[in-house]
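User: I'd like to learn how to read salt bridges in a model. Can you walk me through it?

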Amino acid sequence: MRYGVFSDVHGNYEAFSAVLEFYRKNGVENYVCCGDIIGYGPQPLECVKAISGLKKLHIVMGNHDGALAGRIDIKWFNPNAMAAIEFARSRLDGQALDFIARLPEKVETADFTLVHGSPRKPLTEYMLSESQFADNASSWKVSPCFIGHSHMPLYFKEREGSLPETDFLKPMMKVSAENCRVMFNPGSVGQPRDGDPRASCAVYDSDKKVFELFRVFYNVENTQKLMGEMKLPAMLAERLSFGF
Ligand SMILES: [Fe+2]
Ligand SMILES: [Fe+2]
């Protein structure tokens with residue numbers, strides 16, 4: 001089965017529409033969302049509706065979603081992020097708020113494990129080092145494990161008898177999940193932070209056990225214009241131009 005794996009849409013519907021179109025053109029019909037639907041971007045309701053409308057979807061809660069749902073204290077967020085979460089709260093209807101509030105923190109299927117942050121701290125830990133990968137070992141079973149949260153497309157891999165391996169994922173890069181334990185982060189759809197402003201997303205083929213990263217062009221200026229109209233913090237709009 002081929003899964004469209006994406007994360008950190010963050011209310012950027014312009015970017016998410018481009019990613020959905022990319023998946024549609026490539027015949028992807030199963031989806032895995034690693035959380036943070038809302039926050040930062042100007043169209044949280046449109047994003048929740050589009051994601052909740054996907055027929056074959058596995059999804060977990062992100063920390064921004066958790067703050068909206070009252071699962072995390074909003075005081076842990078910086079003022080810009082806080083403003084965007086409050087903005088999202090003002091835009092969502094009851095159905096969308098309910099969808100967010102019901103999201104699980106961890107999902108395990110026969111094909112993969114899914115969390116936003118890390119298996120041991122699903123809502124809060126940023127997985128950025130091999131030592132964290134090792135420290136999380138006892139908290140997840142089914143490989144691969146899909147993660148989000150850091151907005152960095154990367155992977156951590158461990159194979160018996162060899163040294164742990166980690167690397168950033170570049171566009172069109174394929175990584176095998178065969179005979180190993182591996183975590184994949186597909187990067188962020190709505191607010192990339194690796195210097196590439198294009199939306200980041202991935203496809204995982206569970207038959208071939210291959211994860212492939214893609215970058216998708218979208219109209220960044222359209223999103224920025226909407227953010228200005230919605231009076232979201234200017235810095236949140238500006239950073240989209242640089243993917244940082
Ligand atoms: Fe995020
Ligand atoms: Fe997050």
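Analyst: Let's start with burial: buried means under 20% relative accessible area, exposed over 50%, and partly exposed in between (1.4 Å probe, protein chains only). Arg 215, with 10%, is buried. One caution: this is a predicted model, where local features need pLDDT of at least 70 and side-chain atom pairs count only at pLDDT 80 or more, while totals for chains, interfaces and linings use all residues. Residues are numbered from 1 along each chain as its sequence is written, and side-chain values use heavy atoms, with hydrogens and water left out.

User: How many salt bridges does a search of the whole structure find?

Analyst: Side chains of opposite charge can pair when their charged atoms come close. The cut-off is a side-chain nitrogen of Lys or Arg within 4 Å of a carboxyl oxygen of Asp or Glu. The search of the whole structure turns up 10.

User: Which residue forms a salt bridge with Arg 24?

Analyst: Glu 21, with the closest N and O atoms 2.9 Å apart. They sit three residues apart in helix 1 (residues 13-25), so about one helical turn separates them. Helices here are DSSP runs (H or I, at least four residues), strands likewise (E, at least two), numbered from the N terminus. Arg 24 is exposed at 55%, whereas Glu 21 is partly exposed at 32%.

User: And what does Asp 194 pair with?

Analyst: Arg 215, at 2.7 Å between the closest N and O atoms. Asp 194 lies in the loop between strand 10 (181-185) and strand 11 (199-205), and Arg 215 in strand 12 (residues 210-216), so the pair ties together parts 21 residues apart in sequence.

Terms used: Chains are lettered from A and ligands numbered from 1 in the order in which they are written.
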